[in-house]
Amino acid sequence: MPDATTLLTEDEVIELFAFLMTSARSQLDDPCAYASMRLLTAAEDLRDRVIERVGPEARELFEQTRPTSAFAQTHTNDVAVYTATLDELCAATARFLVERFGGPDVG
Amino acid sequence: MAEAMLDLIATRRVVRVMTDQPVAREDLERILDAGRWAPTGGNVRSVRFVAVVDAPTLRLLRMVSPGMFQRPAAAIVLCIDRDALEAERESRTDPTPAYDIGTTLQTMLLAAHALGLGAGPVSSCAWAAVSVVLNLPDNLDPRMIVCIGHAAPPKEQLPMRAPKVTWRDLTHWERFSDA
């Protein structure tokens, strides 16, 4: 598994930091729904920056969820579809988390 | 001329994906010149333009503008000149400057489209950070960024799905009845 310090360059960290920090401010003026879009954009940006550098399991998660994420970005105007798509992304992420960090099945 | 103008209006789209092809200085100047013809409330002309083509500065602008999906070859930052407003004794709460930004924006978007360029507005920015990036004087309040470049092919654009509407959907003729 790659060392965390090799996943992002310092410049990439600064760019992501700036995006999140300036989003925190701009969201005060933007429609509430934009907050979700900004976080999704940040997640996609992080994914795209590291996808070539992560281990095979994480890469599989990123590659599998990328089309769904792109679909979500183009359906932000349809709240029901957008919500369902984000639920799908969250469920896929959770399945990965359970697989990676979960303990043995009990009972 | 009417048909050409109306066709220009109907075919303009917000461009969110641009190639890295540079924008000719002459084209940028024509867009800036078009902007000066935009109508402004009371003809006060309080909108100022900051044109940016320097790649490092564009990168910085993008870093502090979360709504900037584009990587534009050029950007025009529309600012309100508070000195100009005060010279005209305009109230700080007067919404007219916001309308002036809107008319200027649309005029520039159409000018870019007329020149075969792609353009898209960005208002989701941390304006205090934009002021720092551009080292703006205190009297200039940045309000809008017009991203300009060459549009990537349609299949690469980010579609923003919205229900189709016609002018009839948006229009009510004459006075509303009580019923």
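Which residues have the most contacts inside the largest nonpolar core? They are B:Ala75, B:Ile145, B:Val146 and B:Ile148, in a core of 42 residues. A nonpolar core is here a set of buried Ala, Val, Leu, Ile, Met, Phe, Trp, Tyr and Cys residues joined through C-beta atoms within 7 Å. A residue is buried if 20 or more other C-beta atoms lie within 10 Å of its own, exposed if 12 or fewer, and partly exposed in between, with C-beta atoms placed from the backbone.

The structure is a predicted model, in which local features need pLDDT of at least 70, side-chain atom pairs count only at pLDDT 80 or more, and totals for chains, interfaces and linings use all residues. Residues are numbered from 1 along each chain as its sequence is written, while chains are lettered from A and ligands numbered from 1 in the order in which they are written. The model scores ipTM 0.74 and pTM 0.86. For chain B the mean pLDDT (the predictor's confidence in each residue, from 0 to 100) is 93, and 97% of its residues reach 70 or more.

We can begin with the core in chain B. At least two of its residues come from each of helix 2 (25-36), helix 3 (55-63), strand 2 (74-81), helix 5 (96-114), strand 3 (118-122), helix 6 (127-134) and strand 4 (140-149) of chain B. Helices (H or I, at least four residues) and strands (E, at least two) are DSSP runs, numbered from the N terminus. Strand 2 of chain B gives the most to this core, namely 7 residues. In soluble globular proteins, nonpolar side chains tend to be buried together.

Apart from neighbours within four places in sequence, B:Ala75 is in contact (C-beta atoms, placed from the backbone, within 7 Å) with B:Val52, B:Leu58, B:Leu61, B:Ile145, B:Val146, B:Cys147 and B:Ile148. B:Leu58 and B:Leu61 are also among the buried residues of helix 3 of chain B, together with B:Arg62 and B:Met63. The buried residues of this helix pack against strand 1, strand 2, helix 6 and strand 4 of chain B, and also against helix 1 of chain A. B:Asp54 sits in the loop between strand 1 and helix 3 of chain B. This residue counts as exposed because it has 12 C-beta neighbours inside 10 Å. From C-alpha to C-alpha, B:Asp54 and B:Ala75 are 9.5 Å apart in space, and they are 21 residues apart in sequence.

Two residues of chain B stand out for their backbone. Most residues other than glycine have a negative phi, and most peptide bonds are trans. B:Arg45, however, has a positive phi near 55°, and its place is in the loop between helix 2 and strand 1 (47-52) of chain B. With 16 other C-beta atoms within 10 Å, B:Arg45 is partly exposed. B:Glu174 likewise has a positive phi, near 65°, and belongs to the segment after helix 7 (167-170) of chain B. B:Glu174 is exposed, with 5 other C-beta atoms within 10 Å.

Chain A has 4 helices and 0 strands, in the pattern α-α-α-α along the sequence. Its C-alpha trace spans about 45 × 35 × 25 Å along the principal axes. Of its 107 residues, 11% count as buried. Among contacts in chain A with a separation of 6 or more, 54% join residues 24 or more positions apart.

Within chain A, the axes of helix 2 (residues 33-50) and helix 3 (residues 56-73) come within 11 Å and cross at roughly 145°. Axes are lines fitted to C-alpha atoms, for helices over the stretch in contact, and angles run from 0 to 180 degrees between N-to-C directions. The crossing is left-handed, meaning that the near helix is turned anticlockwise from the far one by less than a right angle. A:Leu40, A:Glu44 and A:Arg47 in helix 2 meet A:Phe62, A:Ser69, A:Ala72 and A:Gln73 in helix 3. A:Ala72 also has its C-alpha atom 9.0 Å from that of A:Ala84, 12 residues apart along the chain. A:Ala84 lies in helix 4 (residues 79-101) of chain A.

Finally, the contact between the chains takes 15 residues from chain A and 12 residues from chain B. On the side of chain A, helix 1 (10-26) and helix 2 are the elements that give two or more residues. Helix 1 of chain A has the largest share, 7 residues.

Methods
Contact = placed C-beta atoms within 7 Å.
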